Amino acid sequence: MAASQQRWSAQIVAGEDLASGVLLLRYRRHSLEPAEAQAGAGVAHVATDGATSADVKRRRQLQRGQMTRSQSMAFEMSNKNKELMNDIFTNCKFKNGFGPGVQTAAAATSPTKRPLSPDHPNPALPITETPSPAMSRMGWALRTLLVADNSSCLKDRKVSGKLIRKCAPGTELVDWLVNLSPIVHTRAQAAGMWQALVEEGVLAHVNKEQPFKDKCFLYRFRLDEEGGAAAAGVPQSDDLGAANEHIREALSALFQRGPDATLRMILRKPSHERTSEELELVFEELVHIAALSHLSTSIKRELSSIFVFEAHAQAGTILFNQGDEGRSWYILLKGSVDVVIHGKGTVATLKTGDDFGKLALINDAPRAATIVLKENNCHLLRVDKEHFNRILRDVEANTLRLQEHGKDVLVLERVAKQRGQHSAFKYTVMSGTPAKMLEHLLETRLGQSVGGMDPFLDDFLLTHIVFMPVVQLVDELANYFHCDAHEEAQTPEDREYIINFKKRVIQFMQKWVMAVRHAAFEEPSVCDFIEDLAAEVEADPDLNEETSIVHNVLTQMARYQEDRNQNAGQKWKLPPNGQPICLFSGNATPSKTVIRPDDDIIFRVYCADHTYCTLRFPMHTTAELIKACAADKLQLNRGPEDLVLVEVKSNGERSVFKDNDVSIPTGLSLNGRLFVSVKDHLDALTQLQEQECPTEGVDIDLEILSTKELAYHITLFEWDLFWAVHEYELLYHTFGRHHFGKITANLDVFLRRFNEVQYWIVTELVSTPSLSKRVGLVRKFIKLAAYCKEYQNLNAFFAVVMGLSNMAVTRLQQTWEKIPSKFKKIFQEFEALIDPSRNHRAYRVFVGKLQPPLIPFMPLLLKDMTFAHEGNKTSLDGLVNFEKMHMMAQTMRTIRFCRSRSLGLEPPSPKSEGEVRSYISSFRVIDNQRVLTAMSQKVEPTRKL
Ligand code: CMP
């Protein structure tokens, strides 16, 4: 039967890379016509195995499918791989494992024989291209003795009218061998010994249809098959002597090889032909294979019937190519294979006992590497995809480690199946090198078939700044995108592969911008890369479909740049009396105005004697620079090494800034002040008197303001602050701003707001001397918490409830006594909701049921980030601990979820809008607990018993 065949070839593409010692090697799969296949040197025979026509059709479709995918690939090889590669392109063969010469001969001598597909090895055929000298000699000795034996079973016989010279039935060969040697005890042993000769092509079934069987099938020696002088006549006495001399050694060697040959024979038979004894034999062998040690007995038993033995005679044979569809999983029984990745060359060599090829099957992803046989005569066990999925997909090893150059580069772990989740991926990345993780991402998580945002991709995009700086990421992407830069001629197959890869890079870019929005455009290297991509896409008709993606990214970038230009030179101020940070222009309620790193901020820096200077610096200015400048202005006359920049809080506490800290003014506590001090005189720093007083706020009678309106405006105001916080700020905050040199100003402002609301509640209550007014206020604040909860502003809800739970408030017994029990009950429920026990379980359950838009309790998100950070190392044995990145990204995603719908609250009433808005934007606040407690004592002195 004529089957269209495929062949692999490799060629060096000459170019500049060659001169620099780097070979650009391209593998290409060709379709071969049958005639070419028959004649082609180094081309293995591919045929069908008597499968139904539907099977054949399906198989052909599969082959065609493979050909339209990534048919060729270019990869750069370093000098050290040249040697291997020379070997590859001189010896390249398509996978099959059966010597072409033997097969061609088989087909020629047996026209009725149904050819075999490489997927179904024929145990009647040899597993080597030519017999080894040792086996040839053993065969020669046995044949010589057989021919010399007068009662020999080796006779010329007529089969279907055709004369076959010197053949013998299997049963008689077994009889002869058992009689010949006392070491052969059983017929099965003898059969195994003959099979050892069959698998090297020394002996063969006359029609090449049967492995050796203790049955009446006829077998003959290769020598007789070939005819010629060596086969003619009776052996001379010299030969007989030599054969007799050699036979003991030959029998003992064959005796050793028999069981393995039997096993290989069984493993080459179709499952349904394996007897229960044979399956038992296979099972006993499987028990000793390390790659299967984690599997249960019942699974090993199942595998006994479906493992297929594959032998490959030639080093350089490509088992499969990177980018191919995964069709089988392999265990290396003998020999070694190279794992080759394009752009990198050989990254690992796998040895006997190792397994490979699981990744593509489990993740339904393309092959992550090309597998090239490193030695002649490699033996493999193979499990095909359908069996793998049925038996192994759910029980495969929990951990997969990929190595390059002897070192782990990617560690994957099986994902526990979660109810309702249907991820295509069964493995998740636990750790890896940044570059390998990116490669894994591009190859498995991007492509036409994958829609939406893959969790691994999203985790990577949200956290890569921790382990892979933007510039490095852009460099890697550019390399992937320009992988064809040095190629001259490209076949359509090359082109298709390259275009596919370019598309993946474009998709990556799109998802990147989707995940981190403007943060991506803040880096000039990213903008340059996007423009570069756009130009290439524009010029390349093959990337037509990507034009709209790139245009979309370009539009977003242009919008960002326009916005940036419009708001360039934005100025902020940290007012001297502890009011909230605001725009210098006086706009007290900056609506969705993001604080940018190069925005200026105006603030004061004091020194020990409370004199101060006013400075104006960009947000990203380091503490070191501020310190030096303030010292200069305040004429401290000390070197920078003697000085520190320090915050003095309203309670006198001091906290020193690191020299490389940034966004200093926004990082201050509510009524904190910035000081520059001589290191040794830190203890002499005292807070300013004004710090113990309330911050400046709008003076208004709270009683007259509608509580619902207060809650409404607080929510609108805080939504804008929350909106301006970028997810990255959580990372900067957790790892320390100094670590990235990036500002956390928007997050700082949002956190300051939390404290402001909390202390506003306390300040208002302890500074209200009238008992009835205090009672009215407590009721108002409980209602305020209820409205904030209703508006899903949980940040303000927590702040209000925590304010009411402050010691200075809870001790106001007279006030609480007058609170109606209905209000007290509601308040108790609120306290239960903010209860921190069991890791804020009550809140987590509550918030878990809410739909966006909502403002989360930000300190808890920061606690989760810190927990993930402090409880887990960032690097594990030199690999990025991606589990930690995943934990952090989960928290960052919470923020994204909360803001995934815009806030569209119904205003309770339009009437006092301006008044309420200006009131809630700047509260009068004391943040010194000692002062607050003293004031509380004053309004309600402790009752004497
Ligand atoms: P799969 O992607 O199915 O096919 C190629 C196989 O090579 C892959 O599964 C792994 O089993 C194996 N492999 C071993 N080391 C590596 C590596 N460093 N990168 C990618 N694949 C590797």
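A residue is taken as buried when its relative accessible area is under 20%, and by this criterion 54% of the 945 residues of the protein count as buried. The model examined here is a predicted one, and the values that follow were computed from its atoms. In terms of secondary structure, the protein contains 36 helices and 27 strands.

In soluble globular proteins, nonpolar side chains tend to be buried together. In the present model, the largest nonpolar core comprises 196 residues, and those with the most contacts inside this core are Leu303, Phe508, Trp512 and Trp760. The element that gives the most to this core is helix H26, which spans residues 745-766 and supplies 13 residues. The surroundings of Phe508 can be described in detail: when residues up to four places away in sequence are not counted, Phe508 touches Leu438, Leu441, Leu442, Leu446, Leu457, Phe460, Leu461, Leu473 and Leu477.

Among the strands, four form an open sheet in the order E9-E14-E11-E12, with antiparallel pairing. The edges of this sheet are strand E9, covering residues 318-320, and strand E12, covering residues 345-351, each of which pairs on one side only. On average, and with direction ignored, neighbouring strands of the sheet are turned by 30 degrees against each other. Strand E11, formed by residues 336-341, runs antiparallel to E12 and is joined to that strand by six bridges; along this pairing, Val339 stands opposite Ala348 of E12.

The model also holds a ligand, which is surrounded by 18 residues, the closest being Ala360, Arg367, Ala368, Gln403 and Lys436. For three of these residues the distances to oxygen atoms of the ligand can be stated individually. A backbone N or O atom of Ala360 is placed 2.9 Å from a ligand oxygen atom, and a backbone N or O atom of Ala368 is placed 2.8 Å from an oxygen atom of the ligand. In Arg367, by contrast, the atom concerned belongs to the side chain, where an N or O atom is found 2.8 Å from an oxygen atom of the ligand.

Notes. Residues numbered from 1 in each chain as written. Predicted model: local features only at pLDDT ≥ 70, side-chain atom pairs only at ≥ 80, totals over all residues. Heavy atoms only, no water. Pairing = 2+ DSSP bridges. Helix = DSSP H or I, 4+ residues; strand = E, 2+ residues; numbered from the N terminus. Axes fitted to C-alpha atoms, helices over the stretch in contact; angles between N-to-C directions. Core = buried A, V, L, I, M, F, W, Y, C linked by side-chain atoms within 4.5 Å. Buried < 20%, exposed > 50% of the residue type's maximum accessible area, 1.4 Å probe, protein only. Contact = heavy atoms within 4.5 Å. Near = heavy atom within 4 Å. Polar contact = N/O pair within 3.5 Å; in protein donor to acceptor, adjacent residues only side chain to side chain.
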